[in-house]
Amino acid sequence: MNSIVKLPFDDTDCGWYAALPPPMSAKRLEGHHTADHVVIGAGFAGLAAARRLAEHCPHARIVLVDAQRVGYGASGRNSGFVIDLPHKFALEHPDPQHKQRLLGLNRSAIAQLGSLIKQYGIECQWSHAGKYQGAVGPRGLAYLDHFRSLLDNLGEDYRVVEQAELKGVLGTSHYSRAIYTPGCYLMQPAALVRGLGASLPENVEVLEESPIRGLERDSSGAWLLTGDHGLLRTPSVLLSTSIFTQEFGYLRNRLLPVMTFASWTRPLTDEEMASTGIQADWGLTPADHAGTTVRMTQDRRLIIRNTYKHVPRYGHSVNSVTRESIRNDHRKAFLARYPGLQHVPFTHTWGGTYAISRNFTNFFGKVNEGVFATACDNGVGAAWGTVSGRLLADRVVGADSQQLQDIQAVTGMPSLNPPEPFLGLGVRTRIRWAAWNSRSEL
């Protein structure tokens with residue numbers, strides 16, 4: 001039996017989640033049950049997979065199980081971007097068809113999310129706001145020029161925005177220049193994830209606060225999923241568990257657990273908005289990958305996100321001292337941009353764990369008889385999780401399509417990692433080196 005050693009251990013200070021009303025009481029896994037399909041992990045991928053399975057099999061019993069509450073984990077902890085463009089290193093892929101496939105997949109995910117939000121009236125600050133990619137100094141400007149050349153090669157629309165115009169939106173002169181791309185959407189991630197969970201078809205049963213601690217096959221070939229107070233028996237398991245896929249015995253030594261952190265303010269007042277000239281509802285990512293992401297939400301909260309940590313024990317790798325240090329770093333980045341808002345406090349600081357691979361490859365497909373997985377979103381989980389979860393369900397039931405062929409063409413096997421302690425030493429050194437080189441963009 002594959003025994004789960006490490007479970008999610010997220011902090012209790014996620015602003016997105018805290019801004020929502022308390023959820024209804026959780027339904028937990030208790031007793032012995034059977035299901036036609038079990039989806040583990042109720043993030044973007046798991047929610048999309050469960051919904052799609054229910055569409056294909058309206059009379060089947062589908063169980064979606066999560067160790068935490070829906071919206072509490074990584075999918076509810078990101079910065080709220082749903083990005084259409086191939087992300088970072090994927091944008092540098094030498095094959096134009098590879099990038100066009102990624103574009104098509106990401107945009108289909110955005111269309112799917114938009115349709116569900118409209119259909120079910122999900123209140124999640126969904127906005128076709130586009131995205132700024134911003135540069136502070138010479139290093140950032142060099143990265144921005146490179147980004148512009150990649151967009152030219154891809155044939156994508158964009159607009160160069162100079163400092164004066166940027167200040168009229170961002171309310172700060174901190175950035176020298178940005179490139180605006182129109183295809184990105186913004187949202188409140190915890191609200192969106194919870195809304196998707198609440199609107200699942202009737203034949204999907206959601207079990208929360210129900211960690212699966214064991215996965216094994218019985219003599220008949222069915223899979224037995226063991227929880228603290230119950231057991232699920234099923235012929236079909238879909239792992240939408242991101243970094244935790246390795247805890248089930250699959251993709252071991254191929255995924256890198258990384259945590260990134262964010263802090264946000266209370267909502268700004270009318271006077272504070274007017275004094276800075278800041279507008280509501282925009283998002284900026286750094287041209288330098290190790291720089292700072294900044295968001296202004298529809299309800300006027302400023303978000304600062306930077307700092308990356310290698311977290312081999314997931315949330316247990318970060319203690320309160322480290323969180324306080326990160327919060328102080330966020331404060332420095334905030335004041336560098338908004339010195340006139342020194343009196344505005346941060347109300348929450350939180351982290352989220354995700355999986356990257358050394359070769360920046362996503363995994364999608366079969367890992368064992370009756371077990372399928374989508375894993376390693378490399379930091380772009382909203383769009384990729386949505387489309388990969390939906391298509392994984394198609395793969396399970398044998399529903400072929402051009403999109404299924406596309407995702408199979410752009411995914412593969414994440415490369416093997418070096419053994420510890422060399423892996424941890426290398427990752428930590430690389431993160432520190434990137435932060436040092438990028439200090440002018442933080």
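I began with the helix pair: α9 and α10 come out roughly perpendicular to each other, a label that covers angles of 65 to 115 degrees. This is a predicted model, where local features need pLDDT of at least 70 and side-chain atom pairs pLDDT 80 or more, while totals for chains, interfaces and linings use all residues. Numbering runs from 1 along each chain as its sequence is written, and side-chain values use heavy atoms, without hydrogens and water.

**Helix pair**
I looked up the angle, about 115 degrees, with the axes 10 Å apart; axes are lines fitted to C-alpha atoms over the stretch in contact, and angles run from 0 to 180 degrees between N-to-C directions. Helices are DSSP runs of H or I, at least four residues, and strands are E runs of at least two, numbered from the N terminus. For contacts (heavy atoms within 4.5 Å), I noted Trp 384 and Leu 391 among the α9 residues that meet α10, whose side includes Leu 404 and Ile 407.

**Buried side of α10**
I listed the buried residues (under 20% relative accessible area, 1.4 Å probe, protein chains only): Leu 404, Asp 406, Ile 407 and Val 410. They span an arc of only 160 degrees around the axis, so they sit on the same side of α10; the arc uses directions from the helix axis to the C-beta atoms. I found them packing against α3, β20 (363-368) and α9.

Terms used:
Buried < 20%, exposed > 50% of the residue type's maximum accessible area, 1.4 Å probe, protein only. Parallel < 35°, antiparallel > 145°, perpendicular 65-115°, else oblique.
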